[in-house]
Amino acid sequence: QRTPLIAPSILAADFSRLGEQVVAVPDADWIHVDIMDGHFVPNLSFGADITAAVNRVTDKELDVHLMIENPEKWVDNYIDAGADCIVFHVEATEGHVELAKYIRSKGVRAGFSLRPGTPIEDYLDDLEHFDEVIVMSVEPGFGGQSFMPEQLEKVRTLRKVIDERGLNTVIEIDGGISSKTIKQAADAGVDAFVAGSAVYGAEDPNKAIQELRALAH
Ligand code: DX5
Ligand code: ZN
């Protein structure tokens, strides 16, 4: 059995005390950093300077999710900001393998993500170039949306291919993960779970992480 990784999304944190909110989740495995540009997705979040500020207050790995157009133009900023893994959207680039190779050449893990409507099949042959895949279980752009269970079919496909080929690619699920949905995602083969509102909307964010992890086992 895999050890579930929990990645709280600071998109759901109180930005007026972001540093404290990052420090308030000592049991997090990674900190999930959602970058939205108002173009690839309709919403706007924050950029590389805030990412660097988060990196200054924690030793935890930053899992940076780029929901932006032209990711190749911006990855260096996030590498410099201290990202440990950079995940871009396949819909936003023509050269997903080249971009992954570039990110890895800088000593940073590379990942791709797909919108709910994008099939996984076209990308299965390229998995060896990626350390992580984020399966979106909501339409990217906003926290607090409802989990789309049909997206778990992509997780099952990925789990099978990754295991058959003996790859180390981590399967992460993002969107609507809560105490009600995490178990079905874990059963489908997810390794890492993003949780925004389920963590930062809780009275005790760190306790929420412990509870989620227990349910994912
Ligand atoms: C959505 C973001 C998610 C979001 C998840 O576009 O990629 O990471 O913060 O938020 P919850 O867990 O509230 O669905
Ligand atoms: Zn995300």
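I began at H32 and listed its contacts, leaving aside neighbours within four places in sequence: A7, P8, S9, D63, H65 and V194. A reminder to myself that this is a predicted model.

Next I looked up where H32 sits, and found it in strand β2, residues 30-36. Is H32 buried or exposed? I counted 28 C-beta neighbours inside 10 Å, so H32 goes down as buried.

Then I turned to the record. UniProt, in an unreviewed entry, puts the feature "binding site" at H32, D34, H65 and D174. These residues span 143 residues in sequence, but no two of their C-alpha atoms are more than 10.5 Å apart, so I noted that they gather at one spot.

D174 was my next stop, in strand β7, residues 170-174. With 25 other C-beta atoms within 10 Å, D174 is buried. Beyond four places in sequence, I found D174 in contact with H65, I134, M136, S137 and V194. H65 and V194 were already on my list for H32.

Last, I went to helix α8, residues 205-216. Its 12 residues reach 17 Å from first C-alpha to last, close to the 16 Å expected at 1.5 Å a residue. Which residues of α8 are buried? I wrote down P205, A208, I209, L212 and A216. Looking down the axis of α8, I saw these buried residues fall within an arc of 100°, so they line one face of the helix. The cover over them includes β1 (5-8), α6 (182-188), β8 (192-195) and α7 (197-200). On the face of α8 turned away from the buried side, I found the exposed residues Q210 and A214.

Definitions and conventions
Residues numbered from 1 in each chain as written. Chains lettered and ligands numbered in written order. Predicted model: local features only at pLDDT ≥ 70, side-chain atom pairs only at ≥ 80, totals over all residues. Helix = DSSP H or I, 4+ residues; strand = E, 2+ residues; numbered from the N terminus. Expected span 1.5 Å × (residues − 1). Buried ≥ 20, exposed ≤ 12 C-beta atoms within 10 Å, placed from the backbone. Arc of directions from axis to C-beta. Contact = placed C-beta atoms within 7 Å. UniProt positions renumbered as here; feature names shortened; annotations may be inferred.
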